[in-house]
Amino acid sequence: MKQDESRVSQQAEELLGLTSSWAEERCAEISAECDSKVQELLETAHHDARVRLRSHFESDRTASRQRLAALEAAQERHKREELQRHEVMLVKKVIEGLKDELTTRWKNDEQRPGWVETIWQLAHQRLIKACWTISHPQDWSSDEVAGFEQKVNEYTGIAPVFVVSDDIEAGLLIEADGAKLDCTLKGLLSSRYRLESEIIAALEQDENNQDDS
């Protein structure tokens, strides 16, 4: 009886030993599996964090580039607007100066005859031999009127008609058979777009010459 009990006890100890060994091995396997899962989780989290960071960085860089491009465009637009305002101001001053200069030349007894002679040459080339109507300012001297009348009469064979016009500050307006030659101050400045373009081109040429010097 005691021998049986001893055998049972020995078997129980062996079974407990096997159970303990299996438990230790199983614990080691579970621990290794957990470590692997944790490592995998950490690597995945690290990768996802890098992707988010890279995406955020690219997004910020794109936004920064867009803001910089918008700022540069705004600065360039402001620069062009400032240049245009400056050109408009200069053109206005030049046109006003040109108007004053032409008015002064007409009122100057020494300079006006040259202007009148230029008008005569243009009229002689462009207008037909017909009855000319010549509109002029109040202050055109009678001697010059008589001299101009003689030239026209000799060319056309018809005495011209002279009309004093309060609307003309300087220069002459000549009409012949429906054709017009407007050499008045207003007529010379009427093609404002062409005049402004020529003035701007001249100003730009001056700036280029200054840059080259």
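Here is a walk through this protein chain, from its overall layout to one helix and a group of aromatic rings.

First, some ground rules: the model is predicted, so local features need pLDDT of at least 70 and side-chain atom pairs count only at pLDDT 80 or more, while totals for chains, interfaces and linings use all residues. Numbering starts from 1 along each chain as its sequence is written, and side-chain values use heavy atoms, with hydrogens and water left out.

The chain has five helices and four strands, in the order α-α-β-α-β-β-β-α-α. These are DSSP runs, numbered from the N terminus: H or I of at least four residues for helices, E of at least two for strands. Of the 213 residues, 20% count as buried; that means under 20% relative accessible area, with exposed over 50% and partly exposed in between (1.4 Å probe, protein chains only). Looking at contacts (heavy atoms within 4.5 Å) with a separation of 6 or more, 73% link residues 24 or more positions apart.

Helix α1 takes in residues 2-107, T103 among them. T103 counts as buried because its relative accessibility is 15%. Its side chain reaches the backbone oxygen of K99 at 2.8 Å, and, leaving aside residues up to four places away in sequence, T103 touches E169, A170 and L185.

Now hop over to α3, residues 142-156. Its buried residues are E144, V145, F148, V152, Y155 and T156. What do they pack against? The partners are α2 (112-126), β1 (132-136), β2 (161-164) and β3 (171-176). On the other side of α3, S142, D143 and E154 are exposed. Just after the helix, G157 takes a positive phi of about 80°.

Rings of Phe, Tyr and Trp (its six-membered ring) pair if their centres lie within 6.5 Å; planes under 30 degrees apart are stacked, over 60 edge-to-face, and the rest tilted. W120 and W132 have ring centres 6.1 Å apart and planes at 50°, so this pair is tilted. W120 lies in α2 and W132 in β1, so the pair ties together parts twelve residues apart in sequence. Both W120 and W132 are buried. W140 and F162 make another tilted pair, at 6.2 Å and 50°. W106, W115, W120, W132, W140, F148, Y155 and F162 form one aromatic cluster.

Technical notes. Polar contact = N/O pair within 3.5 Å; in protein donor to acceptor, adjacent residues only side chain to side chain. Expected span 1.5 Å × (residues − 1).
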